[in-house]
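Please consult the sequence and the model while reading.

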Amino acid sequence: MKYYLSIIVIAWSTTLGQIDQIPSLTLEASEGESISLEKEVARGPMLIDFWALWCAPCLKAMRFLNEFEDRYRDDGFRVLAINLDTERSRSKVRNYVRSKGYDFLVAFDPSQESFRRMNGNSLPFTLLVDRTGTIVYRHVGYVPGDEKKLEKEIQSLLSSRTGSLPQFAR
């Protein structure tokens, strides 16, 4: 009985604090320009991935993120990788992204405000968002094979995406 009660408590606590909408945020992109998360998401469905250079699973997953953007770009799909490393690591982050040939949008959040506001608790933390700003899928961590499930979720989102105007949490 205690076992089942523990499972119920864990399941219930993991749903507490989850948000359904992307908050309105401004981030600094890798080339120094400011980007509005609202505006980026309004352009089309997006995968938002929180990562850091010290996170080995994050680095393994990034290869697939780039493939997803390349494969579904013509459908309006894009990837935003939000780096959570310190301010001093920016040049290392830029060099890493360049050396791997990744062409998705990279932004910096050394204060981890966006991560906290989206209730992230572990890396990598991946969100799939429709053009209204609604979070349609969340995933924490990466093990080989996760990319297959994620791609199915992307395909599902693209086949049913909404054309309504964005509505963001403030």
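Q: Among contacts in the chain between residues at least 6 apart in sequence, what percentage join residues at least 24 apart?
A: The model is predicted, so local features need pLDDT of at least 70 and side-chain atom pairs count only at pLDDT 80 or more, while totals for chains, interfaces and linings use all residues. Residues are numbered from 1 along each chain as its sequence is written, and side-chain values use heavy atoms, with hydrogens and water left out. Contact means heavy atoms within 4.5 Å. Among contacts between residues at least 6 apart in sequence, the share that joins residues at least 24 apart is 75%.

Q: What percentage of the 170 residues count as buried?
A: Buried means under 20% relative accessible area, exposed over 50%, and partly exposed in between, with a 1.4 Å probe and protein chains only. Of the 170 residues of the chain, the buried share is 46%.

Q: Which residues have the most contacts inside the largest nonpolar core?
A: A nonpolar core is a set of buried Ala, Val, Leu, Ile, Met, Phe, Trp, Tyr and Cys residues joined through side-chain atoms within 4.5 Å. The largest such core has 50 residues. Its largest share, 7 residues, comes from helix α3 (residues 56-72). The residues with the most contacts inside this core are Ile 48 and Phe 50.

Q: How many Å separate the C-alpha atoms of Asp 49 and Arg 138?
A: Asp 49 belongs to strand β3 (residues 46-51), and its 1% relative accessibility makes it buried. Not counting residues up to four places away in sequence, Asp 49 touches Leu 65, Leu 80, Ala 81, Ile 82, Pro 124, Phe 125 and Thr 126. Arg 138 is 89 residues from Asp 49 in sequence, and the C-alpha separation is 9.8 Å.

Q: What is the volume of the largest cavity?
A: On a 1 Å grid over the protein atoms alone, a cavity is a set of points where a 1.4 Å probe fits but cannot get out, and lining residues have an atom within 4 Å of a point. Grid points are joined across faces, edges and corners, and a volume is the space filled by probe spheres set on the points. The structure holds 1 cavity of 30 Å³ or more. The space in the largest cavity is about 110 Å³.

Q: How do the lining residues of the largest cavity divide into nonpolar, polar and charged?
A: The lining includes Asp 49, Phe 64, Pro 124, His 139 and Glu 147, and α3 and α6 (146-160) each supply at least two of its residues. Ala, Val, Leu, Ile, Met, Phe, Trp, Tyr, Cys and Pro count as nonpolar, Asp, Glu, Lys and Arg as charged, and the others, Gly among them, as polar. The division is 6 nonpolar, 3 polar and 3 charged.

Q: Is the disulfide of Cys 55 and Cys 58 right-handed or left-handed?
A: A disulfide is a pair of cysteine sulfur atoms within 2.5 Å, and Cys 55 and Cys 58 meet this at S to S 2.3 Å. Cys 55 is buried at 4% relative accessibility, as is Cys 58 at 0%. The torsion about the S-S bond is about 80°, so the disulfide is right-handed.

Q: Is the peptide bond from Leu 123 to Pro 124 cis or trans?
A: Pro 124 is placed in the loop between α5 (113-117) and β6 (125-129). With omega near -15°, the bond from Leu 123 to Pro 124 is cis.

Conventions. Helix = DSSP H or I, 4+ residues; strand = E, 2+ residues; numbered from the N terminus. 1 Å grid on protein atoms, 1.4 Å probe; cavity = no way out; pocket = protein on both sides within 12 Å on 5 of 7 lines; lining within 4 Å.
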